[in-house]
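These are my notebook entries on a structure I was asked to look through.

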Protein chains: 4
Amino acid sequence: MTPDYDQIINEIYNELKDASDEGTVADYIPDLAHIDRTKFGICLTTLDGEQNKVGDADEKFSLQSVTKVLSLSLVFSQLGNKVWDRVDVEPSGNGFNSIIQLEYENGFPRNPFINAGAIVIADMLVSLHKDPKAVFLNYIRGLCGNTDIQYNEKVALSEKSVGYGNYSLAYMIKSKGNLVNDVDEVLDFYFWQCSVEMTCAELAQTFLNFGETNVPFGHGNYMLTASQSRRMNALMLTCGFYDESGEFAFEVGLPGKSGVGGAIVALNPLRYCVSVWSPPLNVKGNSYKGMKALEMLTTKLGRSIF
Amino acid sequence: MTPDYDQIINEIYNELKDASDEGTVADYIPDLAHIDRTKFGICLTTLDGEQNKVGDADEKFSLQSVTKVLSLSLVFSQLGNKVWDRVDVEPSGNGFNSIIQLEYENGFPRNPFINAGAIVIADMLVSLHKDPKAVFLNYIRGLCGNTDIQYNEKVALSEKSVGYGNYSLAYMIKSKGNLVNDVDEVLDFYFWQCSVEMTCAELAQTFLNFGETNVPFGHGNYMLTASQSRRMNALMLTCGFYDESGEFAFEVGLPGKSGVGGAIVALNPLRYCVSVWSPPLNVKGNSYKGMKALEMLTTKLGRSIF
Amino acid sequence: MTPDYDQIINEIYNELKDASDEGTVADYIPDLAHIDRTKFGICLTTLDGEQNKVGDADEKFSLQSVTKVLSLSLVFSQLGNKVWDRVDVEPSGNGFNSIIQLEYENGFPRNPFINAGAIVIADMLVSLHKDPKAVFLNYIRGLCGNTDIQYNEKVALSEKSVGYGNYSLAYMIKSKGNLVNDVDEVLDFYFWQCSVEMTCAELAQTFLNFGETNVPFGHGNYMLTASQSRRMNALMLTCGFYDESGEFAFEVGLPGKSGVGGAIVALNPLRYCVSVWSPPLNVKGNSYKGMKALEMLTTKLGRSIF
Amino acid sequence: MTPDYDQIINEIYNELKDASDEGTVADYIPDLAHIDRTKFGICLTTLDGEQNKVGDADEKFSLQSVTKVLSLSLVFSQLGNKVWDRVDVEPSGNGFNSIIQLEYENGFPRNPFINAGAIVIADMLVSLHKDPKAVFLNYIRGLCGNTDIQYNEKVALSEKSVGYGNYSLAYMIKSKGNLVNDVDEVLDFYFWQCSVEMTCAELAQTFLNFGETNVPFGHGNYMLTASQSRRMNALMLTCGFYDESGEFAFEVGLPGKSGVGGAIVALNPLRYCVSVWSPPLNVKGNSYKGMKALEMLTTKLGRSIF
């Protein structure tokens, strides 16, 4: 029996909408600092084609780190397992921007969802494509089936102007020999990638593709096999929430990814994909209400992937 | 359609039996160093009651770290979420016996499946029970439905005689205030716990219980709810293979746990549980052929939990 | 022209005696926690035989880590440079009891004045002597020319009862193969060694020997060459004050050693030795007023070893 | 009685000239990689005005990190103790280019002689002067009493083109808020500073100033008090040789500084300054023969600063 997803996400929305929120909006990117902290939207889309939305589910927001899954899937479709010659698949055990592991481990990032790893993935895309920005945008528009997806150049430039930590990571990787292109060129793409905007509805639709773990999926020439798709989910489960990944797996039990813009997307393969947007973040850098909402979801459903 | 598990595990067994094995048998516990490195057994048991065995699947071996799941489930059934006041649920990002994180994080172990965490769990059991060894043995006999499960005292004493690293961890935890009982008493139980012996068949039967993620399970007074059971699986997925947990999730895609005796047990909740035993270990401390066998299993099945 | 040391230490004493003291008395050793925090004594003794005392300079206190210099000099006189096969001569860059470096660097302590290094030195003494406690006590009585120096067994037992951190260090070293004897036997000697009591006058007299850097010194069979003596001073300068060693060299400019009992001893080779006792410690574990007093000393004298 | 310095440095030169040399020439700066590894010169200059030279003592070489002492002394003369608000005076316990400590300690470098610290000092100079390159060059020409000291722009540009590690450090410091100016501007000065060339004779003459620890010294408006000068020596002793500083203090017993160009300069305050140049470096990054030569020097002299 299919659960009544619509009722469940409405219950969650109503319980959380006016709840106190201990999170703080990310302020290290000047252009994201002034976002309305009360924004709150949820969208749950099923592989059967059902879509359930509530709150600000049709408002655009900045995907930020959520895009790391999308850049990885694009590169993975092109390079296959060669990707793992330059980045590992292990949880980092440290914060999302930690440079320590990178130095100890000789410029080989722990996984593609921490900043260091995503920068190496960006480097691969810069090597693979003459116009990586266009290719990437086209790819995710294809996954979403929607041409109304854009970079927010103002956000990209804003992040670039203060992204010293990412410059430090990129130069460290370069100094260890694991970055092919110029740091400026790689980070230019990286900041653009992070600035992509979607609505909750678009985000759930895009990531629903990763739920097709028994058939190939993709767009154009960029197809993932079912086996690769399962691996993408495994990575999201073990590494999707920085050093709170274990907690998310433990409390929610779904593969997913968060971003400092306040987005979380998660999925139960072969069933549904759910996205939540609420800007205030907990101390680990994940949306405070987003985490709560998804805990409530799998509790109410009485099942996760486990 | 149910897969032909019997045929699949026989295929795997035959492909790997005589394959070269780059692993090395753990030699830091004197009594385990002389084990026959060619031993190799597989058992897959389904929730429907089907049991498939091949090779040395009915020979006893030392469970070692595999028992960390069982001691946790016993304590979790008694203390519930109070367990997490003293141990976290995050992947460690370091080796199984690393003391570094412990010092930085003030004696609060990253998860219950690294040595430090398991020692804290052992401390809880020592506090909870007058005769923790008897209670623990009775509990796992009950889970397995088999009274022929024993400690191997010779192995326990052997490990105790050289377990300096674990003494160092335990005293560090004690110095940070997160160990209630005497170090000697806690480690005595811990070394006994690790020395439990099972066959592949018994191991698969025991862990099959954790596959019942939609109903409570347990033995006697020690019952886990369905929700707790799902969390046990989440922990196994994110933390079950030390700093190779990400790799196992990525390549195999099942919750599981390994031990230095050469055992790996893994499960697909609501479906089956599989155990493999092959003593030589890879550099991360996990059974070399065990890892290979389980990669082949989910590849041949064309599905994991994802 | 010889400075008027007596006037100078009296000036310092008077300026500091009633000054506010931001330090806190070490309370992790139960028997030291209840010491009178207002105790304050200074003694400066010259190689010409002049002795200048002020305040509580004739009251006994617990030397604690100050004794690490004495156990090293005893072992150094017996083993020569073989000592450095098991312990290094580099500043640690971490706190006095950090176990992290020890794990990264495979049980090879950074220097003999952090706890880990002193435990390895204690292990050497336990190997070298049937009754190391008697030999050590006799040695330092000889250096001081005073038979009224004793262990405080109550303090030793008190420290032993709560010395979990040192047990953790010792077992870590043992697990890495750099401890020959039983942990209990080594730490028993170590806690006794730390419990030695002296007055400021006795302490200055004892360490004055290290100022004889152009002739051999020692007691009985335990003689250091002039070259070894200069090396002892170099070690005190670079490693004598845990992770405040650089600060002490920078502000005071003398080789020296501190202990959590509130003692600091320092010397200007070929000239004088000075000891200060004031129990409250700064956050780095060094006597708050002791540090101040010695800064004032070399400032007033207008010269250090530099 | 003054030692016969000339005879001693000739003895050392002859003993070491044809000795096997286990060091390797630094090759990370392309333009320094092709230097003649057999170059070997020594110069010892006394405060009495005596100068003793042997070997290639009048050939120019790249000072590299040796210049960190000179940039610090310039800034210290201008800002006094305000310098220490942004950089510490403790030995680092890690390699010269480690970024780890920097991240743990929030962008506050351990000391001004590791790269991170020297970059912060360079930032101060960039803030203080319109044309820091001219001011710095003029300052060291003044200290040396020689207008024939130049930057080597080719070396500076060569280092800049591959200095990814230093960019990573500088951006990390910037991200933590401890760098005022643009990274490019600061590093431009830093690479120029490092490229200064001197002969052994000029180097000994320049650093002889730091031996005047009982009177002020400096050039033009940039004077250090005697107390500041003693502190410069203390810093050289505890931090002058990266993570081999303890070893140098132990074996040689003099304040000093090394550079990857193969130079070492050391001094015994109030007595003499000695410089050695031999390009092959040991594993810690210090001149292999330079270390040996200075060990022999203080052994033959029978005294160090201790």
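**Entry 1: Chain A as a whole**

I began with overall dimensions: for 306 residues, a compact globule would have a radius of gyration near 19 Å, and the 18 Å of chain A agrees with this. I note at the outset that the model is predicted. Along the principal axes, the C-alpha atoms of chain A fill a box of roughly 50 × 40 × 35 Å. I then looked up the secondary structure and found 12 helices and 9 strands in chain A.

Next I turned to burial and surface. Of the 306 residues in chain A, 66% are buried. The accessible surface of the chain is about 10200 Å², and carbon and sulfur atoms account for 45% of that area. I also looked up contacts with a separation of 6 or more in chain A; 69% of them join residues 24 or more positions apart.

**Entry 2: Chains A and D**

**Entry 3: Aromatic rings**

I searched the whole structure and recorded 58 aromatic pairs over all chains. One that I examined is C:F207 with C:F210, a tilted pair with 5.2 Å between centres and 45 degrees between planes. C:F207 counts as buried because its relative accessibility is 0%, and C:F210 is likewise buried at 0%. I also noted one aromatic cluster with members from chains A and D, among them A:Y164, A:Y167, D:Y164 and D:Y167.

I then looked for lysines over ring faces. A:K257 lies over the face of A:Y242, 4.5 Å from the ring centre. C:K289 lies over the face of C:F40, at 5.5 Å from the ring centre.

**Entry 4: D:F248**

I located D:F248 in helix α11 of chain D, which spans residues 245-251. Is this residue buried or exposed? D:F248 has 1% relative accessibility and so counts as buried, the cut-off being under 20%. Beyond its neighbours within four places in sequence, I found D:F248 in contact with residues including D:F241, D:L254, D:I264 and D:M291. I recorded 8.1 Å between the C-alpha atoms of D:F248 and D:L237, which are 11 residues apart along the chain.

Key: Residues numbered from 1 in each chain as written. Chains lettered and ligands numbered in written order. Predicted model: local features only at pLDDT ≥ 70, side-chain atom pairs only at ≥ 80, totals over all residues. Heavy atoms only, no water. Helix = DSSP H or I, 4+ residues; strand = E, 2+ residues; numbered from the N terminus. Buried < 20%, exposed > 50% of the residue type's maximum accessible area, 1.4 Å probe, protein only. Contact = heavy atoms within 4.5 Å. Phe/Tyr/Trp six-rings, centres within 6.5 Å; stacked < 30°, edge-to-face > 60°. Lys NZ or Arg CZ within 6 Å of the ring centre and 35° of its normal. Rg over C-alpha atoms; globule rule 2.2 N^0.38 Å. Areas by Shrake-Rupley, 256 points an atom, 1.4 Å probe, with all protein chains shown as cover.
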